[in-house]
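Here is a short report on one protein model. Take a look at the structure first.

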Amino acid sequence: MPRECTVIVEIEDKGKRLDVFLAESGCVKEQGISRTHIKKFIEDGCVRLKNHSEPLKPHYKVKLSDEFTLSIPDKQERIVQSEDIPLEVIYEDKDLAIIN
């Protein structure tokens, strides 16, 4: 289930880009979310501006008292599959392997 946090623009943040503003906000900083991920969240519609129905862009300039709700999706586990590929081992010992 996604986590949500709400942030309101204060006077010192007025005019910042939305992605920068969110990256500097407390609820995002404490979760260690990068600005790149924030940009993707914005583009995916995970960030909403109160009383505003149009999609937001990362370069949106925030205004005083704007209220944003960020829905942080759960992390998806990546499954790594091994592949059986032919390798030509030229040299191998307990510390080193040379593969062509």
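Ile85, Leu87, Val89 and Ile99 make a nonpolar surface patch of about 370 Å². A patch joins nonpolar side chains (Val, Leu, Ile, Met, Phe, Trp, Tyr) within 5 Å, from residues with over 30% relative accessible area and no salt bridge. Areas come from the Shrake-Rupley method with a 1.4 Å probe. A salt bridge puts a side-chain nitrogen of Lys or Arg within 4 Å of a carboxyl oxygen of Asp or Glu. Isoleucine 85 sits in the loop between β3 and β4 (89–92). Strands are DSSP runs of E, at least two residues, and helices are runs of H or I, at least four, numbered from the N terminus.

This is a predicted model: local features need pLDDT of at least 70, side-chain atom pairs count only at pLDDT 80 or more, and totals for chains, interfaces and linings use all residues. Residues are numbered from 1 along each chain as its sequence is written, and side-chain values use heavy atoms, without hydrogens and water.

Now the backbone. Most residues other than glycine have a negative phi.

Exposed means over 50% relative accessible area, buried under 20%, and partly exposed in between (1.4 Å probe, protein chains only).

Lysine 40 belongs to helix α3 (residues 35–43). Lysine 40 is partly exposed, at 46%. Its C-alpha atom is separated by 18 Å from that of valine 7, 33 residues apart along the chain.

Terms used:
Patches are made of residues with over 30% relative accessible area and no salt bridge: like charges are joined within 9 Å, nonpolar side chains (Val, Leu, Ile, Met, Phe, Trp, Tyr) within 5 Å.
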